[in-house]
Amino acid sequence: MVWRYAVIVVAGYLLGNISMGLIVSERYHMDIREHGSGNAGATNMARVFGMHAGLLTLAGDMLKAAAAMLLGFWLLGDTGMALGGVACLLGHCFPALHGFKGGKGVSSGAMVALMIDWRVFLCVVGVFLVGAFLTKKVSFGSICGALAIFISAAALGVSTPRLILAAAGMLIVIARHRDNIVRLINGTEPDFKPAKRPGTKRKEEC
């Protein structure tokens with residue numbers, strides 16, 4: 001039984017290490033971590049290379065989270081799914097294979113929400129869109145969405161492992177946005193503006 005836990009953790013973390021942002025940015029002969037905010041997530045990809053690159057990164061980061069959680073569910077049910085989800089989020093945010101410089105967990109966190117419960121996913125997406133649209137700041141929408149994943153999961157009465165996964169996802173995403181939170185409080189957080197042409201966006205924080 002112990003080997004199953006080990007497989008889920010190791011596989012989940014390694015899957016999280018797969019950086020779609022780095023893979024896509026290589027097409028432009030650039031390292032996304034050296035441009036924009038220096039983050040390898042979908043938001044910075046869209047800011048530097050345009051919406052197509054951002055959406056491609058989003059899809060790739062969601063798929064790896066799905067793979068990690070499905071493997072976990074196959075081996076240990078809900079407990080394994082939760083373990084795989086947390087391992088993948090940690091691998092995405094702190095990838096050992098890429099110098100521990102990863103994304104902020106939003107894209108993978110969206111898949112975590114979907115795997116917990118489709119209703120949780122709809123709540124998270126809805127809250128994210130409202131927050132981002134009203135403020136024009138993706139970071140604010142992401143933080144609101146992170147809060148929504150735990151609140152909606154608790155309200156819907158999901159299983160304990162899924163609720164723990166929701167709590168872990170919320171904490172990881174919010175912790176990764178600590179600099180954004182400071183800028184939001186100070187009123188210095190920039191609005192989200194995707195690049196019209198790949199690589200033309202000036203260096204800015206996100």
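**Salt bridges, a helix pair and a surface patch**

The structure holds six salt bridges. Keep in mind that this is a predicted model.

Let's take one of those bridges. The side chains of Asp78 and Arg162 meet, with 2.9 Å from N to O. That counts as a salt bridge because the cut-off is 4 Å. Where do the two partners lie? Asp78 is in helix α4, residues 51-93, and Arg162 is in helix α8, residues 160-176.

Next, two helices. Look at α5, residues 106-116, and α6, residues 118-135. They pack at an angle of about 140°. Their axes are 5 Å apart. The crossing of α5 past α6 is right-handed.

Which residues meet there? From α5 come Ala110, Ala113, Leu114 and Ile116. From α6 come Trp118, Val120, Phe121 and Val124. What kinds of residue are these? Eight are nonpolar, none is polar and none is charged.

Last, the surface. Val9, Val10, Leu14 and Leu97 make a nonpolar patch of about 360 Å². One of them, Val10, sits in helix α1, which covers residues 2-17.

Technical notes
Residues numbered from 1 in each chain as written. Predicted model: local features only at pLDDT ≥ 70, side-chain atom pairs only at ≥ 80, totals over all residues. Heavy atoms only, no water. Patch = residues over 30% accessible without salt bridge, like charges linked within 9 Å, V, L, I, M, F, W, Y side chains within 5 Å. Areas by Shrake-Rupley, 256 points an atom, 1.4 Å probe, with all protein chains shown as cover. Helix = DSSP H or I, 4+ residues; strand = E, 2+ residues; numbered from the N terminus. Axes fitted to C-alpha atoms, helices over the stretch in contact; angles between N-to-C directions. Left-handed = near helix turned anticlockwise from the far one by under 90°. Contact = heavy atoms within 4.5 Å. Nonpolar A, V, L, I, M, F, W, Y, C, P; charged D, E, K, R; others polar.
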